[in-house]
Amino acid sequence: MKKILNFICMAVTAILCLTSVYSEESEPSVSAKACVLVEEKTGRIVFEKNSSEKLPMASTTKIMTTLLCIESGNLDDEFVVDSSAIKVEGSSMGLVEGDVVTKRALCYGMLLPSGNDAANAAAVKIGGTIENFASMMNERAAEIGMTRTGFVTPSGLEGTGHGASAYDMALLTREALRNPVFSEICSQSKAKVEFGNPPYERWLTNSNKLLTMYDGVKGVKTGFTDEAGRCLVSACERDGVSMICVTLNDKNDWDDHMRMYDYGFSKLNASSLSSEEIFQMQAVGGDCDSIPVKAEGEILLGTDGMTENRITSELYMPPFVYAPLNAGDEVGELRFYYDGRLIDALPVKAMKNCDYIQTDKKKKGIKEKIKEFLFNKQE
């Protein structure tokens, strides 16, 4: 919701339909140097080991590079790759000098075959230079709340100071999965992508074997370098419960992720956030002075019974709306937070019509109401 809607911020009472499941299952044994399992909606830690330690994270770095590439827009505009940027060692999507690509194709190239050439090409296209793009990566990391992270390269190849904590990578992945384009790409086992000179179709295969090894996995990214070891970031959803798992320097990452998910799903049960409260919203220029509005839908999340008291909600909408307005029109949103961190939002919609009326008397009334709302005084 745009900032223009943030005129009114008020606490509301929401219906929190929560049930809990308790399990005697012991914590999983994980060989990773660092790992974390979080509930995706809230970011709440379910299981961790050295999750705050900054470590090299190899090609899981491309989660950030891809997110910035998507957020830069114009995904389907064609351009010629920078010839020096694509001359990089390691995994590749197969770019050669003179190739015509799109940012969307580069996103597939980063998330599926983990192309270092794709990451560098995207960085130069967006940031102008690798160094400028690294600064953009660090700025975005700060916005997300990644306090133990430093980006130096867009690909994840080693650079002095390049690294992140497992928990920071979980926060990054949580943010990235909110983007529908990112979520769609990272969940595909293979995809047909067009690039070349001239562009032609070819298949790219995802290096993330967990997509076919464990039910409900929906991404996200593999990684490996000699310094970082095997790194893996995944996300999995079952019956309304969604979790993110991160392992850094883990020789048994596939098995460890499956064990951690088994543990997580034994601890969490699906719950819903919703609201039945009806609010009145001022209307001007119509045949009614106010209209009833209500948040619609529900948000699913996983809980173990210790989440209820840490969730708050706030209603965001403008002080008034202009007629005409139809039932079902969106006028704001109801946001839910866990420990101050945004979980998600429900649309707030009008519950009835408010038709437009234009008379001299009505015009005068509109001016008076606007002054009342903006200056809090009667004319």
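I take contact to mean heavy atoms within 4.5 Å. With that in hand I looked up Leu-172, and leaving aside its neighbours within four places in sequence, I find Leu-172 in contact with Ile-63, Met-64, Leu-67, Ile-144, Met-146 and Phe-151.

**Ground rules**

I note that this is a predicted model, in which local features need pLDDT of at least 70 and side-chain atom pairs count only at pLDDT 80 or more, while totals for chains, interfaces and linings use all residues. Residues are numbered from 1 along each chain as its sequence is written, and side-chain values use heavy atoms, with hydrogens and water left out.

**The chain as a whole**

I looked up the secondary structure and found nine helices and 21 strands in the protein chain; helices (H or I, at least four residues) and strands (E, at least two) are DSSP runs, numbered from the N terminus. Of the 379 residues of the chain, 54% count as buried, where buried means under 20% relative accessible area, exposed over 50% and partly exposed in between, with a 1.4 Å probe and protein chains only. I also noted that, among contacts in the protein chain with a separation of 6 or more, 66% are between residues 24 or more positions apart.

**Nonpolar cores**

Which residues have the most contacts inside the largest nonpolar core? This core has 62 residues, and the ones I was looking for are Met-64, Leu-95, Leu-106, Leu-172, Phe-182 and Val-246. Helix α5 (residues 166-177) gives the largest share of this core, eight residues. Apart from it I find another core, of 25 residues, among them Val-293, Ile-299, Leu-315 and Val-321. For both entries, a nonpolar core is a set of buried Ala, Val, Leu, Ile, Met, Phe, Trp, Tyr and Cys residues joined through side-chain atoms within 4.5 Å.

**Cysteines**

I searched the whole structure for disulfides (a pair of cysteine sulfur atoms within 2.5 Å) and found one. Cys-288 and Cys-354 form this disulfide, with their sulfur atoms 2.4 Å apart. Cys-288 lies in the loop between β15 (278-284) and β16 (290-295) and Cys-354 in the loop between β21 (341-350) and α9 (360-375), so the pair ties together parts that are 66 residues apart in sequence. Cys-288 counts as buried at 11% relative accessibility, and Cys-354 counts as buried at 1%. Cys-35, by contrast, is in no disulfide, and the nearest cysteine sulfur, that of Cys-245, is 6.8 Å away. Cys-35 counts as buried at 0% relative accessibility.

**Thr-149**

I place Thr-149 in strand β7 (residues 149-150), and it is buried, with a relative accessible area of 17%. Its side chain makes a polar contact with the side chain of Asp-168, at 2.7 Å; a polar contact is a pair of N or O atoms within 3.5 Å, where within protein one must be able to donate a hydrogen and the other to accept it, and residues adjacent in sequence count only if both atoms are side-chain atoms.

**Backbone entries**

I looked for cis peptide bonds and noted one from Gly-219 to Val-220, with omega near 25°, where Val-220 lies in strand β11 (residues 217-225). The peptide bond from Ala-323 to Pro-324 is also cis, with omega near 5°, and Pro-324 is in the loop between β19 (320-322) and β20 (330-338). Ala-58 has a positive phi of about 50° although it is not a glycine, and I find Ala-58 in the loop between β4 (45-49) and α1 (62-71).

**Aromatic pairs**

How many aromatic pairs does a search of the whole structure find? I count four, taking rings of Phe, Tyr and Trp (its six-membered ring) to pair if their centres lie within 6.5 Å, with planes under 30 degrees apart counted as stacked, over 60 as edge-to-face and the rest as tilted. Phe-47 lies in strand β4 and Tyr-263 in helix α8 (residues 253-267), so the pair ties together parts that are 216 residues apart in sequence. Tyr-214 and Tyr-261 form a stacked pair, 5.7 Å centre to centre with 25° between the planes, and both residues are buried. Finally, I note that ring pairs link Tyr-214, Tyr-261 and Phe-265 into a cluster.
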